[in-house]
Amino acid sequence: KMMKIDSSGVAQFRSSGISAGNQVFQVIDDGATLFQIRAEDGNVSFPQAGAGIYLGVTSGNSANLLDDYEEGTWTPSVGGDTTYDNQIGRYVKIGNQVTLWFYIQINQRNSPGVPYIAGGSPFTNSSSITGSGLVHYFEGINNNAVNLTARIDPGGANINISGSTGSAATVANVNHDWVKNGADIYGFVTHYTG
């Protein structure tokens, strides 16, 4: 094992006789690993809780600390005994911001249902702000809506669907019979967990 600085000033760490899966560069303080780089995949990990990368600053500032990133799936539904042809949900969480995408294709709509998309965010929304989004394509709904919007209320996780008609003065929540057989709904919502 050795460290070498090449002619361009780049520091290189070299090892021999160690299998690829075991080649790890670590920075350790008092026995605790602060961060490590695994040679097999080049990924950097920060094992300590709350550890991350400061972006755009030369000294620590919690507002610039990226310490959380996650991608995953969830299963959107409209409740009741509804059967589906498609139930697709994806999310990305970066710090306290979560963006969810959903696609629901209903086969048979059965009551009782719910006036929102259940099985929403895997993360609870902030208690002080509302998440918002849009249903950017829909067909086969019971309400005569010009547009549909999506939101997650403070402290909640389900995605509420609101709509307006051409003559409506307000945008109101849709009722529990808002979708029918063969309905297609595509949309997204972004919310804040902090």
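**Exercise 1.** Determine whether Asp153 is buried, partly exposed or exposed, and identify its salt-bridge partner.

*Solution.* Asp153 has a relative accessibility of 28%, so it counts as partly exposed. The classes are buried under 20% relative accessible area, exposed over 50%, and partly exposed in between, with a 1.4 Å probe and protein chains only. The side chain of Asp153 meets that of Arg151 in a salt bridge, 2.6 Å from N to O. A salt bridge is a side-chain nitrogen of Lys or Arg within 4 Å of a carboxyl oxygen of Asp or Glu. Arg151, at 21%, is also partly exposed.

The model is predicted: local features need pLDDT of at least 70 and side-chain atom pairs pLDDT 80 or more, while totals for chains, interfaces and linings use all residues. Residues are numbered from 1 along each chain as its sequence is written, and side-chain values use heavy atoms, without hydrogens and water.

**Exercise 2.** State how many salt bridges the structure holds, and describe the one formed by Lys93.

*Solution.* The structure holds two salt bridges. Lys93 pairs with Asp68, their closest N and O atoms being 2.4 Å apart. This pair links distant parts of the chain, 25 residues apart: Lys93 is in strand E9 (residues 83-94), and Asp68 is in the loop between E7 and strand E8 (69-74). Strands (E, at least two residues) are DSSP runs, numbered from the N terminus. Lys93 is buried because its relative accessibility is 7%, whereas Asp68, at 26%, is partly exposed.

**Exercise 3.** Locate Leu66 and classify its accessibility.

*Solution.* Leu66 lies in strand E7 (residues 65-66). Its relative accessibility is 34%, so Leu66 counts as partly exposed.

Key:
Helices (H or I, at least four residues) and strands (E, at least two) are DSSP runs, numbered from the N terminus.
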